[in-house]
Amino acid sequence: MNQAEVDTTQLLKGVLDLAVLAVLAEADSYGYDVVRRLRENGLDHVGDASVYGTLRRLYQAGALNSYVVPSDEGPHRKYYGLNNRGRKALDQSAQTWVSLSKALNHLLNGRSNGHGK
Amino acid sequence: MASNDPADDVATYASSVRAALSDLPPAQAEVLLEDLEDHLREVASEAGGPLAERLGPPEQYAQELRAAYGATHAGGSRQDPALRDLRLAVRAVTASAWFAQVRAFLPELRPGWWVLRAYIVVLLLTEAFSRNYNLRPIPNPFSSRGLIEIIAAAIAIVVSIRLGRRNRALSNRGRLLAIGANVMIALIAIPVLARMSTFPSMAMMESGAAGQSQQLILPSGVVTNIYPYSRDGKPLTDVLLYDQDGRPLTTSQNVGDVTTEYPGGADGQPITNAYPLRQQHLNGDAVSAPRVALPPWPTASPTGTPPMSPSPSPTH
């Protein structure tokens, strides 16, 4: 694991809840599928264990409901979906994220404007 | 250890992760890890290659899980050092490759236990319903009891296997009950099996007549009959013999083709220590007395009472 990966992992950790909630808001999903969809959306460095642990924690916190879907090809899959609490958590986190990212973008833009030319 | 079987790989990897998280409070670990195997199986089925290659070492995976779940770290809580050492030792054992292999292999022994527990249950029932019955590891098929035991064992094995196969669909509570019942069978079996280990000596006693306790065996062979003679060489009949503890002295009857007929006492019990025994060959001929060489006594008069006689007197 090189330095860039470590940094990405650290950054991801803070927003993983939000990312997982956002993926589940699109469609109910099971553990490994959540990992795949996060990676498809560009979060390449998201760790399998981090996603699994986050799902279990959100479920434990009452933000998700879960149900088991039998699968012909492999093991039964435990699907997770947002409940009201989860949707509320997603809305709040999303607002926080938007304002945070605005502030950060502003900071970064200022830095690149200041030093760029 | 790169295993080719994905199921083995999953079991090995999962047990290593569990071992690395064994310091978590049980309730927390339960919630965090209950779908771990299913999840890993999903990962394994998605693409080839051992899990350790694709997910990193299980210890690192466990650390990531711990962090993502926000679990309390073991180092944070104050702990008895002895307890911590024990926990570390347990973790070292449970994290080892052979433990994972044993753990993955154990479920394959289940059908063996299903057969064994049926056999044990039949033994227990035999023991419960027939006290004093000589419990044998393998029942004698030529006795009616043994035959019943064998048939019962066959039925019990079929039932036990059916129960075992159905258990997978049990609810949590049913599973607990089933585990309890299995442990009970195993525990009760211990004293019964211990008792059974004494079976050879009991079988020897069983082959004799009821109430019999002594069998006379000399270095030259088994004694089947005793022929007493008086001092002057006359054969005696119905001489009662007892051993040093006052028990009736009896001989082996089941020797060759000889049958013994005991005289009945006034109380209806056979008198088994009156010698010589009346014995017959199977063809009905009486067993004849052996020829004996009587020892020559000193020439002193047999009617006199020698002063130095060592023979015990009943009044002394």
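Residues are numbered from 1 along each chain as its sequence is written, while chains are lettered from A and ligands numbered from 1 in the order in which they are written. In this predicted model, local features need pLDDT of at least 70 and side-chain atom pairs count only at pLDDT 80 or more, whereas totals for chains, interfaces and linings use all residues.

**View 1. Overview of chain B.** Chain B has eleven helices and six strands; helices (H or I, at least four residues) and strands (E, at least two) are DSSP runs, numbered from the N terminus. Of its 316 residues, 17% are buried, a residue being buried if 20 or more other C-beta atoms lie within 10 Å of its own, exposed if 12 or fewer, and partly exposed in between, with C-beta atoms placed from the backbone. Among the contacts in chain B with a separation of 6 or more, 67% join residues 24 or more positions apart. Two residues are in contact if their C-beta atoms, placed from the backbone, lie within 7 Å.

**View 2. Helices H1 and H3 of chain B.** H1(B), residues 6-20, packs against H3(B), residues 36-46, at an angle of about 135 degrees, and the axes are 10 Å apart. That angle makes H1(B) oblique to H3(B). Axes are lines fitted to C-alpha atoms, for helices over the stretch in contact, and angles run from 0 to 180 degrees between N-to-C directions. Angles under 35 degrees count as roughly parallel, over 145 as roughly antiparallel, 65 to 115 as roughly perpendicular and the rest as oblique. The crossing of H1(B) past H3(B) is right-handed: a crossing is left-handed if the near helix is turned anticlockwise from the far one by less than a right angle, and right-handed if clockwise. From H1(B), B:Pro6, B:Asp9, B:Val10, B:Tyr13, B:Ala14 and B:Val17 meet B:Leu36, B:Glu37, B:Leu40, B:Arg41 and B:Ala44 of H3(B). This contact has eight nonpolar, no polar and three charged residues. Ala, Val, Leu, Ile, Met, Phe, Trp, Tyr, Cys and Pro count as nonpolar, Asp, Glu, Lys and Arg as charged, and the others, Gly among them, as polar.

**View 3. Helices H2 and H3 of chain A.** The axes of H2(A), residues 31-40, and H3(A), residues 48-60, are 9 Å apart and form an angle of about 125 degrees. H2(A) is therefore oblique to H3(A). H2(A) supplies A:Gly31, A:Val34, A:Val35 and A:Leu38 to the contact, and H3(A) supplies A:Asp48, A:Val51, A:Tyr52 and A:Leu55. By class, six of these residues are nonpolar, one is polar and one is charged. H2(A) passes H3(A) in a right-handed crossing.

**View 4. The sheet of chain A.** Three strands form an open sheet in the order S1-S3-S2, with antiparallel pairing. S1(A), residues 29-30, and S2(A), residues 64-69, stand at the edges with a single partner strand each, so one side of each has no neighbour in the sheet. Two strands pair if DSSP finds at least two bridges between them. S2(A) is joined to S3(A), residues 77-82, by six bridges; A:Ser66 has A:Tyr80 as its bridge partner, and A:Val68 has A:Lys78. S1(A) pairs with S3(A) over two bridges, and A:Tyr79 is the bridge partner of A:Tyr30.

**View 5. The contact between chains B and A.** Here 17 residues of chain B are in contact with 16 residues of chain A. On the chain B side, H2 (26-33), H3 and H5 (58-69) each supply at least two residues. H3(B) gives the most, with seven residues. By class, this side of chain B has eight nonpolar, three polar and six charged residues.
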